[in-house]
Amino acid sequence: MQRSSNNLSIDFKLSYPRIIVFTGLSQWKHLFSKNDVNSKQKFTYGKQSIRPNDWPDWLDKSTIFVCTSTSGAAALSNDIRIKPYQELKYLLDLIPWPFDINNEDYINNNKSIDSNLL
């Protein structure tokens with residue numbers, strides 16, 4: 001029996017989430033084991049450049065983005081709380097719609113977020 005996915009004209013290597021968002025640093029930090037060399041990094045909000053050791057290969061091209069917690073209990077100023085969401089909006093605006101799966105990488109070609117554009 002032939003797999004139905006073999007009949008599709010989509011290259012599944014291009015089918016990956018362009019942005020993966022975590023709300024809160026602790027959710028992102030918990031993915032790193034104590035033995036992970038990257039677990040000693042200082043984590044910040046925004047676009048992430050490191051990955052846990054056991055990060056799935058098929059997600060390597062995904063942009064990882066960490067926003068502040070949505071909990072009002074987190075002791076943050078409004079400016080600090082809102083800034084990552086403004087940066088995320090900027091990244092989302094880089095992705096044209098409708099999305100062209102064959103035009104590979106809108107986000108990762110933009111290595112840094114220009115805060116002047118926010």
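## Briefing: salt bridges, core and aromatic cluster

The structure holds two salt bridges, a salt bridge being a side-chain nitrogen of Lys or Arg within 4 Å of a carboxyl oxygen of Asp or Glu. This is a predicted model, in which local features need pLDDT of at least 70 and side-chain atom pairs count only at pLDDT 80 or more, while totals for chains, interfaces and linings use all residues. Residues are numbered from 1 along each chain as its sequence is written, and side-chain values use heavy atoms, with hydrogens and water left out.

**Overall layout and confidence**

- The protein chain has two helices and three strands, where helices (H or I, at least four residues) and strands (E, at least two) are DSSP runs numbered from the N terminus; read from the N terminus on, the elements follow the order β-α-β-β-α.
- Of the 118 residues in the protein chain, 33% are buried, with buried meaning under 20% relative accessible area, exposed over 50%, and partly exposed in between (1.4 Å probe, protein chains only).
- The mean pLDDT of the protein chain is 75, and 65% of its residues reach 70 or more; pLDDT is the predictor's confidence in each residue, from 0 to 100.
- Over residues 114–118 the pLDDT stays under 50, and for this stretch the model has seven contacts beyond four places in sequence, a contact meaning heavy atoms within 4.5 Å.
- Among contacts in the protein chain between residues at least 6 apart in sequence, 51% join residues at least 24 apart.

- Lys 83 and Glu 87 meet through their side chains in a salt bridge of 3.4 Å, N to O, and both lie in helix H2 (residues 78–93), four residues apart, which is about one turn of the helix.
- Within this pair, Lys 83 is partly exposed because its relative accessible area is 36%, whereas Glu 87, with a relative accessible area of 13%, is buried.
- The side chains of Asp 93 and Lys 89 form a salt bridge of 2.4 Å, N to O; because they are four residues apart in helix H2, about one helical turn separates them.
- Asp 93 has a relative accessible area of 52% and is therefore exposed.

**Nonpolar cores**

- The largest nonpolar core has 11 residues, including Ile 20, Leu 25, Phe 32, Ile 50 and Leu 59; a nonpolar core is a set of buried Ala, Val, Leu, Ile, Met, Phe, Trp, Tyr and Cys residues joined through side-chain atoms within 4.5 Å.
- Strand S1 (19–23), helix H1 (25–29) and strand S3 (63–67) each supply at least two residues of this core.
- Apart from this core lies another, of six residues, among them Phe 65, Cys 67, Leu 88 and Ile 95.
- Ile 64, a member of the 11-residue core, is in contact with Ile 20, Phe 22, Trp 28, Gly 46, Lys 47, Gln 48, Arg 51 and Trp 55, leaving aside its neighbours within four places in sequence.

**Aromatic cluster**

- A search of the whole structure finds two aromatic pairs; rings of Phe, Tyr and Trp (its six-membered ring) pair if their centres lie within 6.5 Å, and planes under 30 degrees apart count as stacked, over 60 as edge-to-face and the rest as tilted.
- Phe 22 and Trp 28 form a tilted pair, at 5.1 Å centre to centre and with 50 degrees between the planes; Phe 22 is buried at a relative accessible area of 16%, and Trp 28 is buried at 0%.
- Trp 28 and Trp 55 form an edge-to-face pair, at 5.7 Å centre to centre and with 80 degrees between the planes.
- This second pair links distant parts of the chain, with Trp 28 in helix H1 and Trp 55 in the loop between S2 and S3, 27 residues apart.
- Trp 55 is buried, because its relative accessible area is 12%, and together Phe 22, Trp 28 and Trp 55 form one aromatic cluster.

**Buried polar and charged residues**

- Gln 48 is found in strand S2 (residues 46–48) and counts as buried because its relative accessibility is 9%.
- The side chains of Gln 48 and Trp 28 are joined by a polar contact of 3.3 Å, that is, a pair of N or O atoms within 3.5 Å where, within protein, one must be able to donate a hydrogen and the other to accept it, and residues adjacent in sequence count only if both atoms are side-chain atoms.
- The Gln 48 side chain also reaches the backbone oxygen of Gly 46 at 2.9 Å.
- Arg 18, in the segment before S1, counts as buried at 12% relative accessibility; Arg 18 and Lys 61 are 43 residues apart in sequence and 7.4 Å apart in space, C-alpha to C-alpha.
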